[in-house]
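Here are a few notes to get you started. Keep the model open while you read.

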Amino acid sequence: MEENERNGLKFVWNILPNSRTDMTKIIIPLGFHYTPLVKNENIPLLEYEPLRCRNCNSVISPLFPFSVRAKKWECPFCNIQINFPKTYSDFMTEENLPAELLPENSTVEYKLNKKESNFPVFFFLIDTSVEEDELNELKESIQLTINSLPENCKVGIITFGKIVNVIEIGNSEMAISYALNGEKKYDIEEIKELLGLTVRNTNDLNSKNFTNSILVSENKRPKFIMPVGEVSFAINSFLDDLQRDNWHKIPEHREANSVGLAILTAIGILECIARNDPSRILVFLGGPGTVGEGKIVGRELKETIRNFVDFEKGNSNTKYYKNAKNFYDNLSIKLSLNGIILDLFSCCLNQVGLYEMKNLVNNSGGYMIFTDSFSTMIFKDSLKKIFELDENENLKMNFKGKIDFNCTKNFKISGAIGHLHSIETKDQIVSEIVIGEGKTKSWLLGGIDDSSTYTFILDINDENKHYKNLIVQLLTTYIAGDLTTRLRVTTFSQKVIDLNVQNLDLIGNGFDQEAAAVLITRMGIVKNYEGEDSREVLKWIDKILIRLMTKFAKFMKGNPNSFKLSDNFNYFPQFMFYLRRSSFIQYFNESPDENTYYKTLIMYETVSNCTIMIQPLLFEYTPENPQANPVFLDLNSMKNDVVLLLDTFFYVVVWHGIDVVKWREENYQDNPEYENIKMMLEEPQEYAQNIVMERLPTPRFVSCDSGSGQERLIKCIVNPNTDSNNNVRENGFFSDDVNLKVFMDYLKKLAVSS
Ligand SMILES: [Zn+2]
């Protein structure tokens, strides 16, 4: 199992059944999570081309059958034999195998012998409809970013308020801007022509037909995108002079904001100028889109921005939703197909439309940053982390990711969940049962980093029974920060058993409850995105939990006291308890944007970080034991003489009990006799700072005292303290807001009675 984790793999079931009937018996789908670029220094980097199967393109691995003597290897997916080339067979012996055949190298990375990619393009889309001090903060952060870029990287700037201005930064000393009217609807081809990037052929200048458009040659078209080394002075002075959009103010109205057109324009320009280059669009939003396509609210202030309650009631302010969602979804497919990454920085006290725009990020592998203002550390630090350089002064970011899946013919692939986009492909191993992004064995990822984690869901092919086990190969290609093209190859095999001759417990022993909790969460979110409301998703979770317990717990029928779970199932009900109350399934006092932000992150992070999101971590520091000590997420943990640290992944809260506040105010920490008090005050602060520095997006950090307003951040997470609850039962499912004990008691009762 450890080897799997080193390879970035985590399976819900480490032992698999061999028929579809048996697959339904174990209730939770055959999913696994994969973090292709997992941090592991032992993964060898091979600077030569891989040996591939000529038929299916799979890459040789130590799990494939091979013979040194016969000088052949076999592709387990096509069952064809392939001769080793002479460069291998002349030197290879049993004792001297090439790195990619050593048993410990089930994951290797190749640096492919391709021409180095061009330097990446960064397109900065700046919202000028914000307040002046906000714009100044934003300008400063963008200048810092641009000035820190390796000088061959290319940059472009678009500003948007009521008007979208595309800035020609490479022209001369003075930047020239090309204006597009934010209130007008443009076709992307029309924009290319208006900007002088394409011209229409022949005589159909009057028709709306752009199919004959041709690209203007490089020396004749405007210089919207230039190497930063050549234009850094021009950009810095342009930004210094950039003013907020003051011209279109109307009393009692929102600012005019045409973010939709700005993004469409950026994509159009990149399609013309940087079609094959790695590229990234950074959208800095200080308010919602209010004009043109993609607007999520009208300008009149008396119309509020849609909230969940408006959708429930069918209020008129939800009328923009469908069009905006469609508009951004279409753009997100364009991004994905072009391999362009898009990051959304939502820096506003109000909503900006993440709910409508989320697929721009989800399909392109970008980052979503969610905070109140461009002046927050969450914004500034997150932006800094995205543009971090490695020890060779290369950007740490990767571009144009793609995953190809292959497996032995006893299994199929139902789909994948995460920040990826299906390239529909037909194949024998592609299942007709679709979960998430399906109908394919290849997905476009766009941006990918060492946290990007994708969930794959397997299906069983009942027609191919003669295989002993399952072999899967995942091929991830991407352009690394050093501009080389990489191929990460992970191959694994899974044990498959026949439940007609083997015991179900054998499969149960291979259950991974964390992997399962994350799978259920992600599947639940997909169900929600596909239109099921949270009540339906809750019922689906309850059904899975109860049936799983009935199958794998030990008990005497009808006797809840006899109910027992083995260690590897023990925490699963708790995970489901916290999941049911979380933002991933429900929304209580959240806006659609906030809710979208949480869901976006759990669809992207590693399994261990997703587990923290589902069931946050709570640590206690006491005078007796001033080191971090894990405690229950329970109201009873909020004692007077302790310091608590809560980590929900999105925010980190340090909380001081009432006695501790007193000690601190009386300066116990300065008295050498109370070294322990000093420690219990300092340890959690240090721990929190480390988390804040490491994570992207930067989490919110709060240090508060008992009785303060901010303590609700802890109170809303911990288990409620109400022991008696009569509403536990609702048609055989759980009602909201029971506490963990009541939940467990009722679960046992249901499990033993069925
Ligand atoms: Zn093959």
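1. In which order do the five strands of the open sheet come, and what is the pairing? The order is S29-S28-S30-S31-S32, with mixed pairing. Strands here are DSSP runs of E with at least two residues, helices are H or I runs of at least four, and both are numbered from the N terminus; two strands pair if DSSP finds at least two bridges between them.

2. A word on the source: this is a predicted model, where local features need pLDDT of at least 70, side-chain atom pairs count only at pLDDT 80 or more, and totals for chains, interfaces and linings use all residues. Residues are numbered from 1 along each chain as its sequence is written.

3. Back to that sheet: S29 (629-630) and S32 (700-705) are its edges, each with a single partner strand, so one side of each has no neighbour in the sheet. S31 (residues 651-656) pairs with S32 in the parallel sense over six bridges, and Trp655 has Cys704 in S32 as its bridge partner. Helix H19 (residues 675-694) packs on the sheet, touching S28 (617-621), S30 (643-647), S31 and S32. Contact means C-beta atoms, placed from the backbone, within 7 Å.

4. There is also an open sheet of three strands, S5-S6-S7, with antiparallel pairing. S5 (66-67) and S7 (80-83) are at the edges, each with a single partner strand, so one side of each is left without a neighbour in the sheet. Four bridges join S6 (residues 72-75) to S7, and Glu74 sits opposite Gln81 in S7.

Conventions. Contact = placed C-beta atoms within 7 Å. Axes fitted to C-alpha atoms, helices over the stretch in contact; angles between N-to-C directions.
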